[in-house]
Structures are given as structure tokens and as C-alpha cells.
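Please consult the sequence and the structure shown below.

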Amino acid sequence: MTPFEIGMDIIEPSLLFGRKNKIESLKEKAECRENAAIIGPRRFGKTCIMKAMEKLISQDIPDVFPVYFNAKAEGINKDSDKFYRVLAATVAAEMCKRGVVKKGRIRIKDADIKFKFSPDRITIEEQFKLFSSERQWNLVFLLSRIIGNEGKCLLLLLDDVDYVLVSGLRQASDFSRLRDDVSAIGSTIRYWVSGPATFSSICSKVGSAELNNGVQNEFLKPLRIEDARQLWDYESSKIEDRDLRNYLSTQFDFAYEKSGGVPFYLKLIGKFFLDRDNHGSVPSYVIIRDYLKEMIDNQLFLDSERNAMEFLASQD
């Protein structure tokens with residue numbers, strides 16, 4: 001195992017130090033089939049929470065069918081057809097992988113749609129490309145009905161919803177199709193979204209306040225010092241060299257102060273100290289420059305992120 005590794009999502013709930021209460025709260029929301037928003041500035045661990053909850057819910061709540069989706073990672077840009085098509089293909093592939101349906105051809109009679117289920121998302125997406133825009137937008141709802149017939153609720157875990165509304169869809173109002181499907185009487189779809197601010201404020205920011213249909217907010221905060229210490233000790237325990245491991249232990253207070261308790265920056269500082277040539281020196285903010293630039297370049301740069309950056313910049 002690589003100590004202080006960054007760029008790899010943590011999907012094991014027990015390794016999300018300081019997030020136990022948040023995970024339990026989200027688990028309750030899944031059991032109650034509630035819509036939710038996971039809120040926090042970038043690099044606070046929203047994606048890890050979303051992916052960890054997909055794993056946890058799949059294991060522990062049999063009547064909820066969670067599917068994680070990130071439009072930005074899929075390269076969806078100003079293309080509403082592709083958003084709904086790829087989202088539906090992702091759901092369909094997961095249905096096949098998890099045994100909700102069998103591999104093979106299916107016909108949804110009342111929608112006059114035929115396609116072949118496969119565990120390969122790309123194979124399914126290629127079939128969906130042949131459908132009209134209207135049918136592509138309707139696919140998630142149709143798939144949710146199949147899931148509902150199995151006594152399950154489809155829970156869409158939509159990461160970076162700010163990207164979806166600003167850049168993923170052709171226009172933010174195109175999200176209304178999914179919102180309407182979720183809000184419909186008897187619907188077997190729910191969604192969780194993640195973003196740097198509340199869903200209502202993001203919707204207002206993009207000029208589509210009507211998209212907000214009410215979600216339960218879960219706010220991610222910086223780690224408390226005792227939780228950050230657990231994270232630091234866990235990462236340090238992966239170091240085989242005892243002298244290096246002991247040196248890292250002496251740097252925790254510095255790392256916690258300078259990171260502001262943000263898990264990603266805490267690990268970034270730890271990675272800096274793994275290099276013996278850096279011992280006796282302190283990391284400059286050059287090591288997080290690219291990540292800060294990513295925030296500033298975002299079209300939906302919000303006050304919550306600005307406040308977090310101001311805190312980091314105030315450190316000596």
C-alpha cells in the first residue's frame with residue numbers, strides 16, 4: 001500500500017476518517033428513500049463519500065439500487081442527449097451486473113423500445129444512440145420502472161451537480177426532466193447530488209431556481225484534529241522505514257494547521273514529507289497550485305470555496 005496516496009478515491013467507509021456520523025445519516029436517508037445533497041468545497045471528499053455510499057447501500061439496503069455517475073468524468077459537455085443516454089446506459093449496465101435483469105434482448109412494450117442488456121456500458125450506449133432525443137431522455141425513467149418491479153428504488157448518485165447544470169447539459173433547465181421523474185407520484189427514482197453549495201443556491205446561481213425540488217442537506221466540514229490524527233497515523237503506518245515513519249509523526253501538528261483539516265491537503269503535505277530531501281523544509285503552495293487553479297477556473301466559483309481558500313492563504 002502506498003502511503004499518502006492522492007488521486008485515488010477511497011470507497012471503504014471505515015477509511016473515511018471523521019465521516020462516520022455523516023455516513024450513518026446518509027444511510028438513514030437511503031433507507032427512507034430521501035433526496036439528499038452532499039455539500040462541501042472541492043477536495044473535501046464528496047466523491048469518496050458518494051462512492052463509499054454506493055458500496056455500503058448495495059451491501060446493506062437491498063431495496064435501494066444506488067448508481068454513481070459523474071458527467072464531468074464522462075466528458076459530457078453541453079450535450080443533454082448524451083447526459084441522459086450515458087446515465088441510462090450506466091444504470092442498465094449495473095442492472096445487468098447486479099442481477100436485476102439477465103443479459104439479453106428486452107422490449108419495453110408501452111414505450112416501443114427494444115435493446116439488449118449487457119454488463120458493458122459502452123455496448124448499451126451505442127444502442128441508445130439510435131433512439132430519438134425524447135426516448136433517450138425517457139430511458140432512466142423506464143429503467144427505474146423495471147427496478148421498481150423488483151421492489152427496489154433507483155438512487156442516482158450525481159457527483160458535481162454544479163458541473164452538470166453549468167457545463168454538462170445544453171442548458172440548466174434540461175435537468176427538469178430528471179427532476180420531474182423523481183417528483184412524480186409513485187416514482188421509484190431518487191437522487192443525491194454533490195456540490196460546493198446547497199442545491200437550491202446552485203440552481204439559483206444558474207438561473208433555474210425551479211429545478212430545486214427539495215433535498216436534505218449534508219454538509220462536509222474540515223476534520224477535527226482527532227480524526228485528522230487517525231488519518232495521518234493510518235497513512236504513516238504504511239511506511240516500512242521506521243525512522244521515516246517516526247519523522248512523519250512529528251509533522252502532524254504542522255500538517256493539520258496548514259491543511260485546515262481538509263483531508264486532501266493533509267495527505268498532500270504528508271506526501272511532500274515522504275521525500276527525505278524535503279525534511280527540515282516546508283511545502284510551498286506550489287504543490288496545490290493546479291488544484292486551486294481548477295477552483296478559480298470553474299464557472300460556478302462559490303463563496304464557500306472562496307472562504308476556504310482565504311483561510312488557507314492566511315496561513316504562514
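Does Asp160 count as buried, partly exposed or exposed? Asp160 counts as buried because its relative accessibility is 18%, where buried means under 20% relative accessible area, exposed over 50% and partly exposed in between (1.4 Å probe, protein chains only).

The model is predicted, so that local features need pLDDT of at least 70 and side-chain atom pairs count only at pLDDT 80 or more, while totals for chains, interfaces and linings use all residues. Residues are numbered from 1 along each chain as its sequence is written, and side-chain values use heavy atoms, with hydrogens and water left out.

## Overall organisation

The chain contains 14 helices and seven strands; helices (H or I, at least four residues) and strands (E, at least two) are DSSP runs numbered from the N terminus. Of its 316 residues, 53% are buried. Among the contacts (heavy atoms within 4.5 Å) with a separation of 6 or more, 72% join residues 24 or more positions apart.

## Loop residues

Most residues other than glycine have a negative phi. Asp160, in the loop between β5 (153-159) and α6, has a positive phi of about 50° although it is not a glycine. Arg33 also has a positive value, near 55°, and lies in the loop between α1 and β1 (36-39). Arg33 counts as partly exposed because its relative accessibility is 29%.

Gly151 belongs to the loop between α5 (133-149) and β5. With a relative accessible area of 44%, Gly151 is partly exposed. Leaving aside neighbours within four places in sequence, Gly151 is in contact with Arg33 and Asp63. Gly151 and Phe65 are 86 residues apart in sequence, yet their C-alpha atoms are 9.9 Å apart in space.

## Nonpolar cores

In soluble globular proteins, nonpolar side chains tend to be buried together. A nonpolar core is here a set of buried Ala, Val, Leu, Ile, Met, Phe, Trp, Tyr and Cys residues joined through side-chain atoms within 4.5 Å. The largest such core has 55 residues, and Met95, Leu156, Leu165, Phe175 and Tyr191 touch the most other members. Helix α3 (residues 80-97) contributes the largest share of this core, eleven residues. Apart from residues up to four places away in sequence, Met95 touches Phe65, Val100, Val101, Phe117, Leu143, Ile146 and Ile147. A second, separate core has 26 residues, including Ala30, Met50, Trp192 and Leu220.

Thr90 is also placed in helix α3. Thr90 counts as buried because its relative accessibility is 10%. Not counting residues up to four places away in sequence, Thr90 touches Val67, Tyr68, Phe69 and Arg121.

Trp192, a member of the second core, is found in strand β6 (residues 189-195). At 0% relative accessibility, Trp192 counts as buried. Trp192 and Pro66 are 126 residues apart in sequence and 9.7 Å apart in space, C-alpha to C-alpha.

## Pockets

On a 1 Å grid over the protein atoms alone, a pocket is an open set of points where a 1.4 Å probe fits, with protein on both sides within 12 Å along at least five of seven lines; lining residues have an atom within 4 Å of a point. Grid points are joined across faces, edges and corners, and a volume is the space filled by probe spheres set on the points. In the classes below, Ala, Val, Leu, Ile, Met, Phe, Trp, Tyr, Cys and Pro count as nonpolar, Asp, Glu, Lys and Arg as charged, and the others, Gly among them, as polar.

| Pocket | Volume | Lining by class |
|---|---|---|
| Largest pocket | About 820 Å³ | 17 nonpolar, five polar and 13 charged residues |
| Second largest pocket | About 430 Å³ | nine nonpolar, four polar and seven charged residues |

The largest pocket is lined by 35 residues, with Asp9, Arg43, Gly45, Thr47 and Cys48 nearest its centre. Several elements each supply at least two lining residues, among them β2 (64-70), α6 (161-168) and α12 (263-274). The most comes from α2, with five residues.

For the second largest pocket, 20 residues form the lining, and Gly18, Arg19, Lys20, Asn21 and Lys22 are the closest to its centre. Both α1 (20-31) and α9 (225-236) supply at least two residues of this lining, and α1 gives the most, with five residues.
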